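Work through the exercises below with the sequence and the coordinates at hand. Each task is followed by a solution in steps.

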Amino acid sequence: MYLRTSKLRYNNAVIEDVICSTARNLTEAQLAEYSDCNFVRRAENLLVTGLTGCGKSFLVNALGRQACCLGLRTEYYNMNRFIEQISIAKSDGSFIKLLNHLNRDDLLILDDFGLAPMTANARLALLQILEDRYEKKSVIIASQLPIDKWYDYIAEPTLADAIMDRIINNANIIQLQGESLRQMKKKSLLLQK
């Protein structure tokens, strides 16, 4: 049931398929540490950054799937959809219902943080969600932007300080490196031909 309701982008993403190497800046020991999902049970956040195609979304979906399999209620949002959901909830009066729904999740995954412009409503909503979850529930955020650029992305200094304070203070960080896995796969397929 948790897998079905999680809305994971990659339903087939599993921990065993995550590529670990020093070139990617992700070791098997690190992956094992996060895949037991104890960071979720401790209500810690996980921030995953890296360039386009380096496997951020696959990794966070594999961790989301693992959390579901371990009995942790998980929900995945692409940041574009998340901002749309907030906008709809604000306009139709269901925002409190959305907050209550998200508060039931042990783990909230926000993917592609920093790609879509953040509206004033989205900033305020994100602050409220993070405030409700702080030291009670976990958030995974995946972003192409380095963490020090998140202030600029959020754009409003006072809200950026408040949001970042709730994200960073209990966060684990994975900074994926290396070339695009999509490009590597494409090269591999071309070599096979």
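Two strands are taken to pair if DSSP finds at least two bridges between them. The model used here is predicted.

**Exercise 1. The sheet and strand E1**

Determine the strand order of the sheet, and find which residues stand opposite Leu-46.

Step 1. The open sheet is formed by 5 strands in the order E2-E3-E4-E1-E5, and the pairing is parallel. Its edge strands are E2 (74–78) and E5, each of which pairs on one side only. On average, neighbouring strands are turned by 15 degrees against each other, direction ignored.

Step 2. E1 is joined to strand E5 (residues 171–175) by 5 bridges, and to strand E4 (residues 138–143) by 4 bridges. E1 runs parallel to E5 and parallel to E4.

Step 3. Leu-46 stands opposite Asn-172 in E5 and opposite Ile-140 in E4. For Val-48, the bridge partner in E4 is Ala-142.

Step 4. Helix H7 (residues 120–133) packs on this sheet and touches strand E3 (107–111) and E4. The direction of H7 makes about 150 degrees with that of E3.

**Exercise 2. Burial of E1**

Is strand E1 enclosed or open, and which residues lie on each of its faces?

Step 1. In a regular strand the side chains alternate between the two faces of the sheet.

Step 2. On one side of E1 are Asn-45, Leu-47 and Thr-49, and on the other are Leu-46 and Val-48. All of these residues are buried, so both faces are covered.

Step 3. The count is 5 of the 5 residues of E1 (residues 45–49) buried, and the strand is therefore largely enclosed by the rest of the structure.

**Exercise 3. Helix H4 and Asn-61**

Step 1. H4 is mostly covered, with 10 of its 14 residues buried. Among them are Leu-59, Val-60, Asn-61, Leu-63 and Cys-68.

Step 2. Asn-61, which is placed in H4, has a relative accessible area of 0%. The cut-off for buried is under 20%, so Asn-61 counts as buried.

Step 3. Just after H4, Gly-71 takes a positive phi of about 85 degrees.

**Exercise 4. The packing of H5 and H6**

How are helices H5 and H6 oriented to each other, and which residues make the contact?

Step 1. Two packed helices are described by the angle between their axes and the distance between the axes.

Step 2. For H5 (residues 79–92) and H6 (residues 95–103) the angle is about 135 degrees, and the axes are 7 Å apart. The two helices are therefore oblique to each other.

Step 3. H5 contributes Phe-82, Gln-85, Ile-86, Ala-89 and Lys-90 to the contact, and H6 contributes Phe-95, Leu-98 and Leu-102. By class, these are 6 nonpolar, 1 polar and 1 charged residues.

**Exercise 5. Tyr-151**

Classify the accessibility of Tyr-151 and list its contacts.

Step 1. Tyr-151 lies in helix H8 (residues 150–154). Its relative accessibility is 37%, so Tyr-151 counts as partly exposed.

Step 2. Leaving out neighbours within four places in sequence, Tyr-151 is in contact with Ala-160, Asp-161 and Met-164.

Key
Residues are numbered from 1 along each chain as its sequence is written. This is a predicted model: local features need pLDDT of at least 70, side-chain atom pairs count only at pLDDT 80 or more; totals for chains, interfaces and linings use all residues. Side-chain values use heavy atoms; hydrogens and water are left out. Axes are lines fitted to C-alpha atoms, for helices over the stretch in contact, and angles run from 0 to 180 degrees between N-to-C directions. Angles under 35 degrees count as roughly parallel, over 145 as roughly antiparallel, 65 to 115 as roughly perpendicular and the rest as oblique. Contact means heavy atoms within 4.5 Å. Ala, Val, Leu, Ile, Met, Phe, Trp, Tyr, Cys and Pro count as nonpolar, Asp, Glu, Lys and Arg as charged, and the others, Gly among them, as polar. Buried means under 20% relative accessible area, exposed over 50%, partly exposed in between (1.4 Å probe, protein chains only).
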